[in-house]
Amino acid sequence: MHFWKSQKSCQDFCYLDLKDKVCEGRVSVIKKGELFLALHRSENESAFPGLWDFPGGRMEEGEEFIESLTREVAEETTLKIKPRETPIGIYYAESRPGVLVEFSVYAIDEFSGEVKICKEHSEYKCQVSTIL
């Protein structure tokens, strides 16, 4: 499994003129026991095509953090989640050249439903993790 990652560090982006090019995103790490849910992005997606990621996405205007994460996860997986109130981490990734996304990562221990992926993704896996 190859997860997407930036080839640059956040410090590298500090030297670029990224005004209006930094987006906020929310990512969920959905765990059950030692397994976590990973989604494979479709090859025809403009951002991170063909790579593995976690359910989540960008905020829409007027949304709160948790509201946007809950909506995005439902859209991508049909799961109903109950995220923790505070993120467990933040990281940066370049979604396309010159566009940096700041992702807040939320742990999800409580969820219900069965995974059904949307057209943005081609498959999903429940993978054992030794790092989460």
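**Close-up views of a predicted α/β model**

The protein has two helices and nine strands, where helices (H or I, at least four residues) and strands (E, at least two) are DSSP runs numbered from the N terminus. This is a predicted model, in which local features need pLDDT of at least 70 and side-chain atom pairs count only at pLDDT 80 or more, while totals for chains, interfaces and linings use all residues. Residues are numbered from 1 along each chain as its sequence is written, and side-chain values use heavy atoms, with hydrogens and water left out.

Figure 1. Read from the N terminus, the elements follow the order α-β-β-β-β-α-β-β-β-β-β. Of the 132 residues in the protein, 42% are buried; buried means under 20% relative accessible area, exposed over 50%, and partly exposed in between, with a 1.4 Å probe and protein chains only. Among contacts with a separation of 6 or more, 68% are between residues 24 or more positions apart, a contact being heavy atoms within 4.5 Å.

**Figure 2. Strand 2 and its two partners.** Strand 2 covers residues 35–41, and six of its seven residues are buried. Strand 2 runs antiparallel to strand 9 (residues 121–128), joined to it by seven bridges; two strands pair if DSSP finds at least two bridges between them. Within this pairing, Leu37 is opposite Cys126 of strand 9. Strand 2 is also antiparallel to strand 3 (residues 52–53), with two bridges joining them. Here His40 has Trp52 of strand 3 as its bridge partner.

**Figure 3. The hairpin of strands 6 and 7.** Seven bridges pair strand 6 with strand 7 in the antiparallel sense. Ile90 faces Ser104 of strand 7 across the pairing, standing opposite that residue. The two strands form a hairpin with two residues between them, and Gly98 in the turn has a positive phi of about 80°.

Figure 4. Phe103 is part of strand 7 and counts as buried because its relative accessibility is 7%. Its C-alpha atom is separated by 4.6 Å from that of Gly25, although Phe103 and Gly25 are 78 residues apart along the chain. Leu100 also has its place in strand 7, and Leu100 counts as buried because its relative accessibility is 4%. Leu100 and Glu24 are 76 residues apart in sequence, and their C-alpha atoms are 8.7 Å apart.

Figure 5. Thr77 belongs to helix 2 and, because its relative accessibility is 0%, counts as buried. The Thr77 side chain reaches the backbone oxygen of Val73 at 2.7 Å. This is a polar contact, defined as a pair of N or O atoms within 3.5 Å; within protein, one must be able to donate a hydrogen and the other to accept it, and residues adjacent in sequence count only if both atoms are side-chain atoms. Leaving out residues up to four places away in sequence, Thr77 touches Leu37, Leu39, Pro55, Glu114, Val115 and Lys116. Thr78 lies in the loop between helix 2 and strand 5 (80–82). With a relative accessible area of 39%, Thr78 is partly exposed. Thr78 has a positive phi of about 70° although it is not a glycine.

Figure 6. The largest pocket holds about 320 Å³ of space. On a 1 Å grid over the protein atoms alone, a pocket is an open set of points where a 1.4 Å probe fits, with protein on both sides within 12 Å along at least five of seven lines, and lining residues have an atom within 4 Å of a point. Grid points are joined across faces, edges and corners, and the volume is the space filled by probe spheres set on the points. The lining has 19 residues, of which Arg41, Ala47, Gly56, Gly57 and Arg58 lie nearest the centre of the pocket. Two or more lining residues come from each of strand 1 (22–32), strand 4 (56–58), helix 2 (65–77), strand 6 (89–96) and strand 7 (99–108). Strand 4 gives the largest share, three residues. By class, the lining has seven nonpolar, three polar and nine charged residues; Ala, Val, Leu, Ile, Met, Phe, Trp, Tyr, Cys and Pro count as nonpolar, Asp, Glu, Lys and Arg as charged, and the others, Gly among them, as polar.
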